[in-house]
Amino acid sequence: MAMIKYPSLDRLLESIGSVFDAYSVVLFCRNAEGRFDLSASFSLGDSIRQGLCIDPGYGLVGWILKNNAPLAVEKFDEKNTFLGYYGSEQEEQVKVFVGCPLPGGLGALCMDSKKTYAFTSKDQRVLSLFAGVVAAIISDVGAAGVSSREQALYGILQQVYALRESHPRWTDFLNRYLSLLAGASGYEYAFLVVSDEWGDNYLLEGSNKPLMPDTGLARQSFSTGSGLLGWVFKKNKPVFFGDGKSELGRTPLFGRDFPAPALNTLLAFPLKVHRRCRGVLVFGDRECLVIDDEIRAFARMAADYLALFLENLYLKNKVKQLSPPIMAELDDASESDNNDTHL
């Protein structure tokens with residue numbers, strides 16, 4: 001019986017590997033016999049066993065498939081723990097594994113790393129979102145193809161995941177990121193606000209188009225106790241309004257005394273970095289539009305990607321601060337060789 005293969009998903013798995021800085025990412029899908037084929041993969045090495053078909057319960061991946069539950073392993077017992085998709089020599093080098101089932105029992109999406117404590121609980125949650133996207137693509141392909149709109153959103157997500165490499169400068173990255181989001185969603189605005197070091201105030205970090213009529217207000221700080229966006233910071237909860245009918249633009253975004261567009265459609269996602277809301281990603285339009293499931297899922301994926309990106313930068317900076325002086329000097333020398341400035 002021919003194995004189930006999705007070569008078109010290899011590029012997506014490569015993007016996932018880049019997002020999480022993983023060594024390998026693998027996708028197993030259920031076949032007609034109830035077993036699971038290695039349907040797509042990405043690895044920095046060449047030790048993944050191609051043409052592999054496993055049964056539920058075989059290795060860590062098999063545990064996920066059998067129990068239909070996520071799994072994270074940070075310490076490997078070499079005698080009793082094995083992944084199931086490498087040769088034995090390669091498995092000894094892997095330090096961390098995380099995986100989650102695809103919805104509907106379709107399979108499992110997993111990744112590993114040779115770095116100790118490489119993945120966080122947030123990484124596992126975001127990986128489960130990727131699993132949902134993969135499952136939707138597989139289901140749509142099996143049902144005779146995805147819609148043109150879904151294909152477009154999927155293509156934009158791939159571009160978003162590749163931005164770290166193509167736009168290493170933070171300003172260039174953010175401008176391109178917000179431009180992609182606004183174009184994909186069809187909304188007039190996509191912008192990011194970030195908090196200060198103490199979390200008492202926030203400011204506009206970037207927008208796909210001018211948000212303030214007076215450019216002097218572009219770097220104005222706003223209290224986290226004011227405006228709808230201040231509420232998102234305080235409560236660390238998303239806000240959505242958009243039913244195509246209600247006009248809610250009277251709700252001030254930044255506060256009553258600050259001019260800003262009256263948005264009657266809005267999606268605002270808190271970006272949690274190191275257990276605190278450090279930013280809010282906003283999609284908005286002055287028209288009364290209906291927020292459909294496709295756009296909501298796309299926006300959430302984009303927001304989770306940005307939160308993960310900022311979390312990684314935060315941890316990188318923390319590690320640099322705690323590094324011995326000689327290591328910090330080497331890091332500075334390495335970064336000075338690159339003309340691009342990183343956040």
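Reply: The largest nonpolar core has 68 residues, and Phe20, Leu27, Leu109 and Tyr177 touch the most other members. Helix α9 (residues 293-322) supplies the largest share of this core, 13 residues. Apart from this core lies another, of 22 residues; Phe191, Leu204, Leu229 and Phe241 are among them. All of this is read from a predicted model.

Start with phenylalanine 20. Residues up to four places away in sequence aside, Phe20 touches Met111, Phe119, Asp123, Val126, Leu127, Phe130 and Leu308. Phe20 is one of the buried residues of helix α1 (residues 10-20). Aspartate 21 follows α1 and has a positive phi, near 55°.

Next comes leucine 27, in strand β1 (residues 24-30). Leucine 27 is buried, with a relative accessible area of 0%. The cut-off for buried is under 20%. Its strand is mostly covered too: six of the seven residues of β1 are buried. Neighbours within four places in sequence aside, leucine 27 is in contact with Leu9, Leu13, Asp37, Leu38, Ser39, Ala40, Leu102, Ala108, Leu109, Val134 and Ile138. Take alanine 108 from that list. Leucine 27 and alanine 108 are 81 residues apart in sequence, yet their C-alpha atoms are 5.9 Å apart in space.

β1 runs antiparallel to strand β2 (residues 36-43), joined by seven bridges. Cysteine 29 has aspartate 37 as its bridge partner in β2. Five residues lie between the strands of this hairpin, where glycine 34 takes a positive phi near 85°. β1 also pairs with strand β6 (residues 107-113), again in the antiparallel sense, over six bridges. There, leucine 27 has leucine 109 as its bridge partner. Leu27 and Leu109 are both among the residues with the most contacts to other core members.

Now the open sheet. Six strands form it, in the order β9-β8-β7-β12-β11-β10, with antiparallel pairing. β9 (221-223) and β10 (239-241) stand at the edges with a single partner strand each, so one side of each has no neighbour in the sheet. Neighbouring strands are turned by 25° against each other on average, direction ignored. Within the sheet, β11 (residues 265-273) and β12 (residues 276-285) pair over nine bridges. Leucine 267 has phenylalanine 283 as its bridge partner in β12. Helix α7 (residues 170-185) packs on the sheet, touching β7 (189-195), β8 (201-207) and β12. The direction of α7 makes about 140° with that of β7. Helix α8 (residues 227-235) lies across β7, β8, β9, β10, β11 and β12, at about 140° to β12.

How does this sit in the whole chain? The protein chain has 10 helices and 12 strands. Of its 343 residues, 46% count as buried. Among contacts between residues at least 6 apart in sequence, 59% join residues at least 24 apart.

Finally, confidence. The chain averages a pLDDT of 79, and 78% of the residues score at least 70. Over residues 323-343 the pLDDT is below 50, and this stretch has 17 contacts in the model beyond near neighbours in sequence. Where pLDDT is low, predicted coordinates should not be read in detail.

Methods
Residues numbered from 1 in each chain as written. Predicted model: local features only at pLDDT ≥ 70, side-chain atom pairs only at ≥ 80, totals over all residues. Heavy atoms only, no water. Pairing = 2+ DSSP bridges. Helix = DSSP H or I, 4+ residues; strand = E, 2+ residues; numbered from the N terminus. Axes fitted to C-alpha atoms, helices over the stretch in contact; angles between N-to-C directions. Contact = heavy atoms within 4.5 Å. Buried < 20%, exposed > 50% of the residue type's maximum accessible area, 1.4 Å probe, protein only. pLDDT = per-residue confidence, 0-100. Core = buried A, V, L, I, M, F, W, Y, C linked by side-chain atoms within 4.5 Å.
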